[in-house]
Amino acid sequence: MAVKITLPDGSIKDYERGVSALEVAESISPRLAKAAIAVRVEGVMQDLDTEIKEDSLLQIITVEQPEGLEILRHSAAHIMAEAVKRLYPEAKLAIGPAIENGFYYDFDVPDSFSPEDLGRIEDEMRRIIREDQAFSHWELDKETAIREFAAKGEEYKVELLQDMDDEKVSIYRQGDFIDLCRGPHLPSTGRLKAFKLLNVAGAYWRGDSSRPMLQRIYGTAFARQKDLDQYLQRLEEAARRDHRRLGKELDLFSLQDEGPGFPFLHPKGMVIWRALEDFWRQEHRRRGYQEIKTPIILSESLWRQSGHWDHYRENMYFTEIDNNTYAIKPMNCPGSVLLYRRRLQSYRDLPLRYCELGLVHRHELSGTLHGLMRVRCFHQDDAHIFMLPSQIQEEIEGVIEFIDYVYRDIFGLNYRVELSTKPENAMGPDEIWDVATEALRQAMEAKGMPYKINEGDGAFYGPKLDFHLEDCLGRTWQCGTIQLDFMFPERFDLTYVGEDGNEHRPVMIHRVIFGALERFIGILIEEFAGAFPAWLAPIQARIIPVGDRFLDYAKGVQNQLMADDHLRIDLDRRDEKVGYKIRHAQLEKIPYMLIVGEKEEAAGTVSVRHRQLGDLGSLSVEAFREALCQEVKSMSLAPDQDKLGKPMP
RNA sequence: GCCGGCGUAGCUCAAUCGGCAGAGCGACGCAUUCGUAAUGCGUAGGUUAGCGGUUCAAUUCCGCUCGCCGGCUCCA
């Protein structure tokens, strides 16, 4: 009896019924068989020793494919768990998946692992790899599995099993190590070539802070040592562009012990801030927003009415004034709403777009604070759009376009969008949530943009589209967000007078573009590795005189450059050699260095050096001024080499 | 908030087993007048995060507090 096997290239071959996937691979090429680690049968990932009993579409998986690498990492997690069980027999197993860039396994151990323990565990893993234990696989009915894992004291596995619906469960084993696992896995432990354990961390069982804290070991694995080395090197490079490190080195901002989570912006950081703010103001004016400012402290009664008191109190700071309780605002919306409500609004005035660079304070858990990325007070580039129900779609799409323009066109940032739906701790009936969620979904569909659903992560008053940006290590941070809200208008009894002369209920959008200015600057620092485009650079050019004799000329050049255009030019007056001053300007990542000496003074020029392009030759002061002005005005990410001259060969 | 690690000069880091707290960079001063990534010499700079304990003696060992780092949870 034969089975017909279809391969990815479309070819169909006959094999004996029960042939293993490995044998199929061998028949195709010995090389493929050697590289093979798993197989996809009719779209389902399986082990290589799977017997093929029916006609099927079959794809051999190697470590070269992303799916193969994931299997390799998952197997590495099992090997690590085996090593841990050998060294710490009392350890209880929780879960151990492959993740982006690696894997982890959670253990319940009486004493937590120290970083030194990782070395011992790695050694044990190498031993297991040398033993080349085969991964074997079988199915068991659930009740038997529960009994067996319970007998071994694996209470976490028992809990996982109890939550499963299937009658049969899948079990894997290598050596003496047995685990509940869907698979597939490598054929044997010897196939793991390059791995490293990275760090230990606490992690709640099932991500629930009321459940026990487990010990999680993170590691990574690659097909080749070369790839692993490359990855580790990338991590080191990423650490060098960490905004916390660059913020200190470039003197942009700091966090002081006296104000955990409350950042200080230094003069240079403030220049970047102002450049962003100017850009923000200009773009909002252009799009029909009106800027407002609402107070930081408002009465507790307002926050009761808005629902914050019931849904957000944990994150708020309170204070007392003349025996009355006030809250320090964690959001800007109630303030905006008060302004809307100050007078009768007509349908002719809608959509009404109020924007506000609002300073908000939130009590974030101390363990979550992270440089500028997560702080306890921050400036949201907030806006609240009050509109007719018929304007919802257009307004949402307008904001989506706005965000895309800022992220992609201006800063060249890649982003991901998530649609966050009704959370547990929400106000209002399901029907309204459904309508709002559907409106956001439709806007994304209309724009043809991909998005992910993030179940239960909406704001308490409405669903939202979240725009995520990545930091240097690939951790994502929510920046932009668009929230559609039917609840606040209701709670604050907002109305507008319609065409029919009757009062109607408006709908609200809450939205931010940057998100928080602090966080966005953190993202930008990492994105540009501190080498900001000229329009954002705290110092755009530094004049470097060759010697003290040329200080007067240098000063004149500085005056000429700074005369009208708000260019940020400084002068290195130090009595040092040129090489020394250039080195310092490079380390400060200043876009342009202007070297001036005898030649330049005689000709009325500057010798231009760019931080990345090097020596660009000399230009008249006026030509340089124009080129830099143009670069700043156009907010370019890179210099215009036609205007500045070509790098020297 | 939870688990673990860490905290020495402005910055980066040393200091053997518990035995006088040090270097480089930076800052300042003097000399040097220099052409595209570090000129030389000198000076100042410390409650070793804070508080308490053990000890003849604590940067070192112990406890508590604060802060930072990596995660978890949470969020812009």
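User: How far does a polar side-chain atom of Ser366 lie from a phosphate oxygen of RNA strand B?

Analyst: This is a predicted model, where local features need pLDDT of at least 70, side-chain atom pairs count only at pLDDT 80 or more, and totals for chains, interfaces and linings use all residues. Residues are numbered from 1 along each chain as its sequence is written, chains are lettered from A and ligands numbered from 1 in the order in which they are written, and side-chain values use heavy atoms, with hydrogens and water left out. A polar contact is a pair of N or O atoms within 3.5 Å; within protein, one must be able to donate a hydrogen and the other to accept it, and residues adjacent in sequence count only if both atoms are side-chain atoms. For Ser366 and the phosphate oxygen of RNA strand B, the distance is 2.2 Å.

User: Which residue has a polar side-chain atom 2.4 Å from a base nitrogen of RNA strand B?

Analyst: The bases are touched too. Lys599 puts a backbone N or O atom 3.3 Å from a base oxygen of RNA strand B. The side-chain contact with a base nitrogen belongs to Glu600.

User: Which element gives the most to the surface near RNA strand B?

Analyst: A residue is near a strand or molecule if one of its heavy atoms lies within 4 Å of it, and 61 residues surround RNA strand B, Tyr204, Arg374 and Asp575 being among the closest. Elements are DSSP runs numbered from the N terminus: helices (H or I, at least four residues) and strands (E, at least two). Those supplying at least two residues here include E14, E27, helix H19 (598-603) and strand E34 (605-610). With 8 residues, the element that gives the most is H18.

User: How many residues of the surface near RNA strand B are charged?

Analyst: Ala, Val, Leu, Ile, Met, Phe, Trp, Tyr, Cys and Pro count as nonpolar, Asp, Glu, Lys and Arg as charged, and the others, Gly among them, as polar. This surface has 20 nonpolar and 18 polar residues. The charged count is 23.

User: What is the volume of the largest pocket?

Analyst: On a 1 Å grid over the protein atoms alone, a pocket is an open set of points where a 1.4 Å probe fits, with protein on both sides within 12 Å along at least five of seven lines; lining residues have an atom within 4 Å of a point. Points are joined across faces, edges and corners, and the volume is the space filled by probe spheres set on them. For the largest pocket, that is about 1100 Å³.

User: Which strand gives the most to the lining of the largest pocket?

Analyst: The lining has 37 residues, and those closest to the centre include Tyr312, Arg362 and Lys464. Strands E23 (377-387), E26 (464-470) and E27 (476-485) are among those that supply at least two residues each. With 5 residues, the top contributor is E30.

User: From which domains does the lining of the second largest pocket draw at least three residues each?

Analyst: Domain bounds come from an automatic or database domain assignment. This pocket has a volume of about 920 Å³. Its 33 lining residues include Asn101 and Asp471, both among the closest to its centre. The contributing domains are domain 2 (67-238) and domain 3 (261-293 + 332-527).

User: Which residue is joined to Gly183 by a cis peptide bond?

Analyst: Most peptide bonds are trans. Here omega is about -5°.
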